[in-house]
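Thanks for coming. I will take you through one model this morning, going from strands to helices to charged pairs.

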Amino acid sequence: MAARFPSGPPGPPRPTRTTARGGHVPVPTPRSLDTAPDLDLGLTLGPLRRGPADPTFRATPDGSVWRASRTPDGPGTLRVRMDAGRAAAEAWGPGAAWLLDGLPALLGAEDDPAAFVPRHKLLLAIHRRRPGLRLTRTGLVLESLIPTVLEQKVTTHEAYGSWRHLVRKYGEPAPGPAPEGLYAMPDARTWARIPSWEWHLANVDGKRAATIVRAARVAARLEEAAAMDGPAARARLELVPGIGPWTSAETVQRSNGAPDEVTTGDLHLPGIVGWALAGDRTTDDAAMLDLLAPYAGQRHRAARLILLSGRVPPRRAPRMTPGNIAGL
């Protein structure tokens with residue numbers, strides 16, 4: 001039997017995945033940027049990725065990095081790739097122009113790797129092997145703060161799972177022709193209104209949830225820290241109960257591109273730094289800072305290079321057992 005078609009003029013076009021996400025067929029404004037010839041896109045933007053299944057970050061086989069962000073102008077999607085020694089970028093959504101304007105800082109234009117002078121043979125070797133490392137600066141505080149709070153005193157596996165659950169449930173699909181499953185995180189108001197049982201289902205205890213809610217309620221004041229120097233930015237963040245030195249350092253390293261804000265209070269980092277620079281796995285925070293003192297002004301970069309070297313002390317105890325708050 002022949003197919004029957006309704007008579008009369010055609011109706012409006014069916015929404016596609018692209019139009020549903022962006023509200024219209026997006027026509028991005030490409031932007032090309034001169035970068036350091038040896039810029040390593042993966043190394044530079046890698047700290048912004050919260051696990052291999054981060055819903056806000058995607059690296060695709062063509063060498064592109066996709067990021068969905070909640071900018072001051074709204075959600076935006078950024079695609080950036082290296083093309084003949086230049087960074088080529090496109091952006092979509094209300095936050096597109098903001099993301100493109102921030103592209104130089106994101107790719108390390110404000111970073112000065114020449115200020116780092118290796119004084120240890122391990123750092124000299126890894127610095128030469130990784131010339132494309134630049135310290136990124138996103139200019140977005142809450143975007144780095146919330147997943148960092150989720151990582152407080154739990155395994156990264158737990159924290160990454162909580163981040164995925166909350167972003168996928170309360171965020172929104174990334175604008176434009178983004179890869180399937182890419183999401184922009186919720187805005188501050190939404191974070192502040194997540195009910196207690198949803199934090200529980202996301203495997204987040206009450207203390208971390210309360211810290212995120214407190215931060216979201218003063219998000220505008222916290223975002224001002226992106227324009228401050230490292231110590232002032234950390235002091236602003238630490239005014240919020242539940243945000244201490246570990247959390248503030250991990251945040252401003254990303255939001256401010258702070259080269260000297262080394263992480264203290266970490267379970268593993270002091271032992272890794274001590275093992276790499278002095279062969280001492282029992283190093284504590286104070287001793288770690290002493291070892292990094294010759295790199296004043298660049299201590300975060302020194303620690304990052306040590307981590308990239310892969311030189312870590314042999315494991316002597318089993319890994320921490322992940323918790324299961326949602327199952328209680």
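I will start with a definition: a residue is buried under 20% relative accessible area, exposed over 50%, and partly exposed in between, using a 1.4 Å probe and protein chains only. What you see is a predicted model, where local features need pLDDT of at least 70, side-chain atom pairs count only at pLDDT 80 or more, and totals for chains, interfaces and linings use all residues. Residues are numbered from 1 along each chain as its sequence is written, and side-chain values use heavy atoms, with hydrogens and water left out.

Helices (H or I, at least four residues) and strands (E, at least two) are DSSP runs numbered from the N terminus. Look at strand β5, residues 86-92. Of its 7 residues, 6 are buried, so the strand is largely enclosed by the rest of the structure. Strands count as paired if DSSP finds at least two bridges between them. β5 runs antiparallel to β1 (residues 31-34), with 4 bridges, and antiparallel to β4 (residues 74-83), with 7 bridges. R86 in β5 is the bridge partner of D34, and R86 also stands opposite D83. The hairpin of β4 and β5 has 2 residues between the strands, and A84 there takes a positive phi near 55 degrees.

Now the helices. α6 (residues 141-150) packs against α13 (residues 245-255) at an angle of about 145 degrees, with the axes 9 Å apart. The axes are lines fitted to C-alpha atoms, for helices over the stretch in contact, and angles run from 0 to 180 degrees between N-to-C directions. Contact means heavy atoms within 4.5 Å. On the α6 side, the residues involved include L145 and V149; on the α13 side, they include W246 and R254. By class, this contact has 4 nonpolar, 5 polar and 2 charged residues. In that count, Ala, Val, Leu, Ile, Met, Phe, Trp, Tyr, Cys and Pro are nonpolar, Asp, Glu, Lys and Arg are charged, and the others, Gly among them, are polar.

Leaving aside residues up to four places away in sequence, T211 touches V149, V240, P241, G242 and I243. T211 is buried, at 1% relative accessible area. Its C-alpha atom is 7.5 Å from that of V240, 29 residues apart along the chain.

Last, the charged pairs. How many salt bridges does a search of the whole structure find? There are 16, a salt bridge being a side-chain nitrogen of Lys or Arg within 4 Å of a carboxyl oxygen of Asp or Glu.

One of them is E110 with R137, the closest N and O atoms being 3.7 Å apart. E110 is in the loop between α4 (103-106) and α5 (121-129) and R137 in the loop between α5 and α6, so the pair ties together parts 27 residues apart in sequence. E110 is exposed, at 58% relative accessibility.

Another is R234 with E261, at 3.0 Å between the closest N and O atoms. R234 sits in helix α12 (residues 230-237) and E261 in the loop between α13 and α14 (269-278), so this pair also ties together parts 27 residues apart. Both count as buried: R234 at 12% relative accessibility and E261 at 8%.

D260 pairs with R299, again with the closest N and O atoms 3.0 Å apart.
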